[in-house]
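Subject: Structure handover

Hello,

Below is the structure you asked to take over. My notes on what was found follow it.

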Amino acid sequence: MKTTHPRLHPVILAGGSGTRFWPLSRQKRPKQLLPLASERPLIAETVARLEGICDPADVITVCGRAHAASVRRALPVEAADGLLVEPLARNTAAAIGLAATVVAARDPEGIVVVLPSDHAVLDRPAFHAALLAAAEVAAQGPLVTIGLEPSRPETGFGYIRRGGAHPAGGRAREVLAFVEKPDRERAEGYLRAGDYLWNAGMFVFRADRMLEELRTHLPACADALEKIAPTVGKRTFASALAQWFPTIPSISIDFAVMEKADDLAVIPASFGWSDLGSFASLHEVREADAEGNVVDGDVLFFDAANNVVVGHRQKPVALIGCSDLVVVDTGDALLICPRDRSQEVRLVVDALAARGDRRLL
């Protein structure tokens, strides 16, 4: 595949559980395997939106053993061979470090593009432009993050405070600080200030640079990865992974590296992004009817508006005089809640787990 930009090695993180989409999501069918934004699973959409800026064979997908078979089936054939299966969950620093190790074995200065597997993007050309701008900066050495221009005072996201122009040029800006999820008042202040961006968990860097940063800031991770590195592409890889990967500390890449690294840049962007954090967010990515209802399945509405309804295929669902509800019927379970409380669905999952009801989990 001929390109005029640095070779990209996308790394898709597919280890999430997505408990806020119960009862659609279950332990064996987490959020990234659900067709929430289209008719395809979110992870398949994530790979598809990279078409045109990378070779599908360069895509690496990282997941756990429990979902490996399902993830492989959901991936396009060209990307299935890039599946990396973690022996156990060790958070994003370990997953990204492992992927960087694999990329470095093939292409030490290859550009790694880290993407969540369960987000939605509506403006693909703008998405491509942001990634390519980040890749041009990363090729010069800095670690780069993508910062989304905020459209509302969101309390569910972390933020990046941007500074002036970065020496790497182009759209890059300096990173002044990573900010944890704010309360409502602070989020409104960030929106008014204009220099805060949503942290979408998308990172771009050279493989060798990330490994250097892990050596500096998380040496226990670097020690394990250096034991694994000589086995990449060999039959001994699986046994080395099983032996050394569990010794890596469980910590996010944000805390382990991004908040400590000296040479950081952020690319401000806007490309119709949604983290699909709850059923309410389906309004951001699915077409609604004239009354604002988002529908999946056989659903009848009478004087009903602004609802999200996912019906069971074998029976119709009818709403009369209802507004701003989430209704999800999976046959074995029924969820009904106000749209503005759909983030609380995890309370149901916790309650089912506490009473030992594995059948519904």
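Please bear in mind throughout that the model is predicted. Ser 281 sits in the loop between S11 and H11. Leaving aside neighbours within four places in sequence, the contacts of Ser 281 are Phe 21, Ser 274 and Leu 276.

Leu 276 is placed in the loop between strand S11 (273–274) and helix H11 (282–285). Its phi is near 50°, which is a positive value in a residue other than glycine. Leu 276 counts as buried because its relative accessibility is 0%, and the cut-off for buried is under 20%.

Asn 91 lies in helix H4 and is partly exposed, with a relative accessible area of 36%. The other point is the peptide bond from Trp 22 to Pro 23, which is cis, with omega near 10°. Pro 23 belongs to the loop between S1 and helix H1 (42–48).

Next, helix H4 (residues 91–106), which also holds Ala 99. The 16 residues of H4 should span 22 Å at 1.5 Å a residue, and the end C-alpha atoms are 24 Å apart, which agrees. Of these 16 residues, 12 are buried, so H4 is largely enclosed by the rest of the structure. The buried set runs Ala 93, Ala 94, Ala 95, Ile 96, Gly 97, Leu 98, Ala 99, Ala 100, Thr 101, Val 102, Val 103 and Ala 104.

Within that set, Ala 99 has a relative accessible area of 0%. Not counting residues up to four places away in sequence, Ala 99 touches Val 11, Ile 60, Val 62 and Leu 84. As for Pro 30, 69 residues from Ala 99 along the chain, the two C-alpha atoms are separated by 22 Å.

Helix H5 (residues 124–138) has 15 residues, and the distance from its first C-alpha to its last is 21 Å, close to the 21 Å expected at 1.5 Å a residue. At the start of H5, a side-chain oxygen of Asp 123 comes to within 3.2 Å of the backbone nitrogen of Ala 126. Buried in H5 are Phe 127, His 128, Ala 130, Leu 131, Ala 133, Ala 134, Ala 135, Val 137 and Ala 138. What do these buried residues of H5 pack against? Their partners are strands: S1 (8–13), S4 (111–116), S5 (120–121), S6 (143–148), S9 (196–206) and S10 (264–269).

Last, the pair H7 and H8. The axes of helix H7 (residues 207–217) and helix H8 (residues 219–228) come within 5 Å and cross at roughly 130°. That angle makes H7 oblique to H8. On the H7 side, the residues in contact are Leu 211, Leu 214, Arg 215, Thr 216 and His 217. They meet Pro 219, Cys 221, Ala 222, Asp 223, Leu 225 and Glu 226 of H8. Sorted by class, this contact of H7 with H8 has 6 nonpolar, 2 polar and 3 charged residues.

Regards

Technical notes: Residues numbered from 1 in each chain as written. Predicted model: local features only at pLDDT ≥ 70, side-chain atom pairs only at ≥ 80, totals over all residues. Heavy atoms only, no water. Axes fitted to C-alpha atoms, helices over the stretch in contact; angles between N-to-C directions. Helix = DSSP H or I, 4+ residues; strand = E, 2+ residues; numbered from the N terminus. Parallel < 35°, antiparallel > 145°, perpendicular 65-115°, else oblique. Contact = heavy atoms within 4.5 Å. Nonpolar A, V, L, I, M, F, W, Y, C, P; charged D, E, K, R; others polar. Expected span 1.5 Å × (residues − 1). Buried < 20%, exposed > 50% of the residue type's maximum accessible area, 1.4 Å probe, protein only. Polar contact = N/O pair within 3.5 Å; in protein donor to acceptor, adjacent residues only side chain to side chain.
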